[in-house]
Amino acid sequence: MLPATSKLCAAISYRHLRNMTGLRRQAAVAISQELSRLACHSPGASAWIHQVRRRSSLLSSRLEEKPFSEMEMSYIKQGEEALQKSLRILEDQDDWKTETVAGNGDKVLSKVLPGVGKVFRLEVVVDQPLDAVYGELVDNMEQMGDWNPNVKEVRILEKIGKDTVITHEKAAATPGNIVGPRDFVSVRCAKRRGSTCVLAGMSTTYGAMPEQEGFIRAENGPTCMVLRPLAGSPSQTRLTWLLSIDLKGWLPKTIINQVLSQTQVDFAKHLRQRLARPVPVSC
C-alpha cells in the first residue's frame, strides 16, 4: 500500500489539487492507515510512528475546516496584489520629491506614477518596539478613531484567514469642511517577513457595505505601511507609509496635495502620543 499512499501524497503537492479538501482528507486517512500497519509489523518503530500519527491526526482535523470560497480567494488575491504593487513603488528610489520635513525629522515625499497619479511617502522613526507599533495598527485597528482625529471610525466587516480583512473606514471632515466626509471600503493584508512587517491595502467592493448617506465613497491604493526595527536600536521602529488616494469630488489638486501630506504628518504625531500613553494594569 505504501507506493499508493506515496502517489496520493505526491498528488496533493500540486497547488490545484491541494485546494481539493476531499483529496487532502483522503491522503491524511491513507497515511494514518499505513502508520497503523507499520506499527503492527515493526514494534521497534512504534515511538516515532505514534508521534507522526498524532501530527497526522491534527492535520486531519485541520482539513475539516471550511475552505475559502471563490469570493474569499478573490479578496485574498486583491490584498496580495496591493502588497506587491506597493512594495514595487517603494523599492524604486528615483524621482521622489520632498513635500514636508518636520523639526523632529519626519519627512513626506511624493512622486507621480503613470496610471496611479500622485503618491505620498511618509518616513518616520517611532520610539517604540516593532511589536507595539504593529499591535496598535493591526490588532487594535478598530480603535484608531479613538486617537487619530482624521479618522472617525474603522470597522472590520469580515476576516478571511489570518492575514486578510475587509474594512470600512470613515474619514473625518477637514477643518472648515474644505474636504467633506469620505469613506472607504478596503481589503487589507498583513504579512511578516523576518523582522519586517508589511500592512497593505486597496479599495474593493463589498455587497454588505454600499455607499453611505452623507459620505463620498473615495478610493485608496495601492497603499501600505512597512515596519522595521531601527538598525542598531531594536527598541525603535522605522515606519514607511505609502499613501495613494483618490478623494473623488471636485477638489483642486493643490488642496488635495496639502491635505494628504498633512494627514501623514498628523498621523505620525498622534501615533506617538497613543503609544506613549500609560498602559492600564489589570488586577
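Tutor: Let's begin with Glu81, which is partly exposed at a relative accessible area of 36% (buried means under 20%, exposed over 50%, partly exposed in between, with a 1.4 Å probe and protein chains only). This is a predicted model, in which local features need pLDDT of at least 70 and side-chain atom pairs count only at pLDDT 80 or more, while totals for chains, interfaces and linings use all residues. Residues are numbered from 1 along each chain as its sequence is written, and side-chain values use heavy atoms, with hydrogens and water left out.

The partner of Glu81 is Lys85, and their side chains meet in a salt bridge of 2.9 Å, N to O (a side-chain nitrogen of Lys or Arg within 4 Å of a carboxyl oxygen of Asp or Glu). Because they are four residues apart in helix H5, about one helical turn separates Glu81 and Lys85 (helices are DSSP runs of H or I with at least four residues, strands are runs of E with at least two, both numbered from the N terminus). Lys85 is also partly exposed, at 34%.

Now for a pair that reaches further. Asp106 forms a salt bridge with Arg272, with their closest N and O atoms 2.8 Å apart. This pair links distant parts of the chain: Asp106 sits in the loop between strand E1 (97-101) and strand E2 (107-113), Arg272 in helix H8 (residues 253-276), and they are 166 residues apart. Asp106 is buried, with a relative accessible area of 6%, whereas Arg272 counts as partly exposed at 23%.

The side chains of Lys191 and Glu80 meet in a salt bridge at 3.0 Å, N to O. Lys191 is partly exposed at 22%, and Glu80 counts as partly exposed at 27%. Both belong to a network of salt bridges that also takes in Lys162 and Asp163.

To set these pairs in context, the count for the model comes to 16 salt bridges. The protein chain has eight helices and 12 strands, and 40% of its 283 residues count as buried.
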